[in-house]
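Please read the points with the structure open.

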Amino acid sequence: DAFKQQLTAPAANPTDEERKQVAQQTGALRALGLVQGDVDLLQEETNLSSEGTSAYYDPPTKTVYVRGTELNEAVKGTLVHELTHAWQDQYYDLGRLPRLDTQQKRDAFRTLAEGDAVNTEKAWVDALNPTERSAYDEQSKKDGEAATKGIKTVPDILVAGFGAPYAFGPYFMQGVEASGGLS
C-alpha cells in the first residue's frame, strides 16, 4: 500500500489544466472509438502505473522504490532496470522529462531511457545461470499475470501507450548504437 501511495501521489490531485487535457484526450479517444462508456482516464492511468509496476526510479528524490520485500530473480531484474535509470539520471537528467516542450520530445526521451534500461536488464537476464533464469522466467510470468488482472479495466489504448517505450525502445537503442551511439 505504501508503494502504491508513493507511486500514485503525484496524480492524486490533478490541476485544472491537467483535468482539461484529460477531458480533451478522452473526447479524442472516444471519437476514434478507442474508449467507450464512462471512463475516467486519470483513474485508469493511475491503475495502470500502480498495478503494472514492481519498482521505479524517482528522479526528484534520486530513490528506487520497490513493491514488497521479497528479492526474487524477477525483482532483481527490475532493480537492474531501475538502477540503469539512476545511472542515466546522473548523466542525462531524467528529471527534465516533464519539462520538455512537446509530447514528441517527451516520448522520444522516454523511449531512449526505457530502451537502454530494457537492454541492460536483458543483458543481465542473459547472464543468469539456468536455475536463476528459470526462476526469473517463472516469477516474471506470475507477476505479469497478476498485473494483467489488476489492469483489466484500463483501456487498451492506455496499455499500448504505456508499453510502447518498453517495446520499441530496445530496438531504437540498438539502431542508435549501430550508427555510432549517442553524441
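1. Ground rules. This is a predicted model, in which local features need pLDDT of at least 70 and side-chain atom pairs count only at pLDDT 80 or more, while totals for chains, interfaces and linings use all residues. Residues are numbered from 1 along each chain as its sequence is written, and side-chain values use heavy atoms, with hydrogens and water left out.

2. Helix 6. Helix 6 covers residues 130-150, 21 residues in all. Helices here are DSSP runs (H or I, at least four residues; strands are E, at least two), numbered from the N terminus. From first C-alpha to last, helix 6 reaches 30 Å, close to the 30 Å expected at 1.5 Å a residue. The expected span is 1.5 Å times one less than the number of residues.

3. Buried means under 20% relative accessible area, exposed means over 50%, and partly exposed is in between (1.4 Å probe, protein chains only).

4. Contact means heavy atoms within 4.5 Å. Take Gln139: its relative accessibility is 17%, so it counts as buried. Leaving aside neighbours within four places in sequence, Gln139 contacts Asn72 and Ala74. Gln139 and Asn72 are 67 residues apart in sequence, yet 7.7 Å apart in space, C-alpha to C-alpha.

5. Thr26 sits in helix 2 (residues 16-31). Thr26 counts as buried because its relative accessibility is 10%. Not counting residues up to four places away in sequence, Thr26 touches Val35, Val39 and Leu41. Gln6 lies in helix 1 (residues 2-8). Gln6 is partly exposed, at 32% relative accessible area. Beyond four places in sequence, Gln6 is in contact with Tyr56 and Tyr65. Gln6 and Tyr65 are 59 residues apart in sequence and 8.4 Å apart in space, C-alpha to C-alpha.

6. Salt bridges. How many does a search of the whole structure find? It finds seven salt bridges. Each is a side-chain nitrogen of Lys or Arg within 4 Å of a carboxyl oxygen of Asp or Glu. One joins Lys105 and Asp101, 2.9 Å from N to O. Lys105 is partly exposed at 43%, while Asp101 is exposed at 59%.

7. A linked set. Asp126 pairs with Lys122, their closest N and O atoms being 2.9 Å apart. Both lie in helix 5, four residues apart, about one turn of the helix. Arg133 also forms a salt bridge with Asp126, at 3.6 Å between the closest N and O atoms. Salt bridges that share partners join Lys122, Asp126, Arg133 and Asp137 into one network.

8. Surface patch. Trp87, Tyr91 and Tyr92 form a nonpolar surface patch, with about 360 Å² of accessible area together. Patch residues have over 30% relative accessible area and no salt bridge; like charges are joined within 9 Å, nonpolar side chains (Val, Leu, Ile, Met, Phe, Trp, Tyr) within 5 Å. Areas come from the Shrake-Rupley method with a 1.4 Å probe, and for residues only the protein chains shown count as cover. Tyr91 lies in helix 4 (residues 73-92). Its relative accessibility is 54%, so Tyr91 counts as exposed.
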